[in-house]
Structures are given as C-alpha cells and as structure tokens.
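Here is a short report on the fold of one protein chain. Have the sequence and the model open side by side.

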Amino acid sequence: GVRTFFDEPTFTASHVVIEPSTKAAAIIDSVLDFDQASGRTSSAGADAIISFVQAQGLHVEWILETHVHADHLSAAPYLKKNLGGKIAVGAKITAVQETFGALFNAEPEFRRDGSQFDALFDDGARFQVGSMTASVMHTPGHTPACLTYLIGDAAFVGDTLFMPDYGTARCDFP
C-alpha cells in the first residue's frame, strides 16, 4: 500500500510505500519545512511521516529521492536519523552537484561525488522493499539525475509529471 502526505506550501507529495507482509517501507520525496522569511527549518511534515511509520510498526529500508529538489529541502537525513534506512538518488546527481556547486560558488569541501547518499541508482537498477522488487527508470529532463521508481503496481515520478494537468514538467534546471 501507499500513504501519501501532501505538503501544501511546496505542493509536494511525499509517499510511504508499505510492503504489508514484512512491514518494510520506503519513503519517497520527503519535505523539510523551510521558512524563507526567517531562514529557519522545521520538521512538522517529516514528523507526521515519522508518527505514521511508528504507529504502523513499519521498518524503513529506503528513503528515496526522485531528484534534487529546487523548490523544497529534503528531510531525508532527518528521517534517516530517526527511522533508519538508506538514502538513494540517481547516479547522475554528480552532474547536478557540479552545476550548482559552480553556480553557487560552493567551497571545495562540498563534495560533488554523490557521497552524501548511501546509494546512487542507474537506469535499470533493482532493489528490494521487503519482499517486493522495485526498479529504477532514468527519466531526465527536470534534472539530469531524475528517476522514476517502479514499486509494485505504482510509478513514483517526482517532477517528471506535475499535478493537476498530468502532461507538463519543468525542464528549466541544469
């Protein structure tokens, strides 16, 4: 099953995918709340996911990013600290890191090798969520690192398609 959490300020859907027989779970595209006026973050949205996972007795195996998000911060490190699991993103994240590292004049200490993630997935990669086999489809356009996760009978497309018109996507990022 899938439980979706909607973050209204960023218009982002985060998902918890549940494999019922083992209670294994994957969290997809989590949001860390950010107030631009104050420059502060909060974890209200992520805490709702944590509460759900704990109430259901789920074991988080994966925290998946479909892409690097320019419109919101990821709660993946916060969720990993509180629930465990491995953080994964597309292997082409290094191209995004190089582009934005140069654009924002990042210090040399900012690693541009994807080492901030536990797994970097290429097109066709397969992984398990409990007893379910999941696969990865490289869907570049929004960013070079965009992925679609195929888990069970669902495809998690990130910003490959946007609601509500289901047919447009941004391709204005490097």
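## Surface and overall make-up

The accessible surface of this predicted model comes to about 9100 Å². Carbon and sulfur atoms account for 55% of that surface. The protein has 174 residues, and 40% of them are buried.

Three helices and 12 strands are present. Take the contacts between residues at least 6 apart in sequence: 55% of these join residues at least 24 apart.

## The six-stranded sheet

Six strands form an open sheet with mixed pairing. Their order is β1-β2-β3-β6-β7-β8. β1 (2–7) and β8 (119–121) are the edge strands; each has a single partner, so one side of each lacks a neighbour in the sheet. From one strand to the next, the twist averages 20°.

Within this sheet, β6 (residues 59–64) and β7 (residues 86–90) run parallel, joined by three bridges. Leu-64 stands opposite Ala-88 in β7.

## Helices across the strands

Helix α1 (residues 44–56) lies across β1, β2 (12–19), β3 (24–28) and β6. It runs at about 15° to β2. Helix α2 (residues 76–83) lies across β3, β6 and β7. Its angle to β6 is about 165°.

## The four-stranded sheet

A further open sheet has four strands in the order β9-β10-β11-β12, with antiparallel pairing. The edges are β9 (126–129) and β12 (154–156); each has a single partner strand, so one side of each is left without a neighbour in the sheet. Neighbouring strands here are turned by 30° against each other on average, direction ignored.

β11 (residues 147–151) pairs with β12 over three bridges, in the antiparallel sense. Tyr-149 stands opposite Phe-156 in β12.

Terms used:
Residues numbered from 1 in each chain as written. Predicted model: local features only at pLDDT ≥ 70, side-chain atom pairs only at ≥ 80, totals over all residues. Heavy atoms only, no water. Pairing = 2+ DSSP bridges. Helix = DSSP H or I, 4+ residues; strand = E, 2+ residues; numbered from the N terminus. Axes fitted to C-alpha atoms, helices over the stretch in contact; angles between N-to-C directions. Buried < 20%, exposed > 50% of the residue type's maximum accessible area, 1.4 Å probe, protein only. Contact = heavy atoms within 4.5 Å. Areas by Shrake-Rupley, 256 points an atom, 1.4 Å probe, with all protein chains shown as cover.
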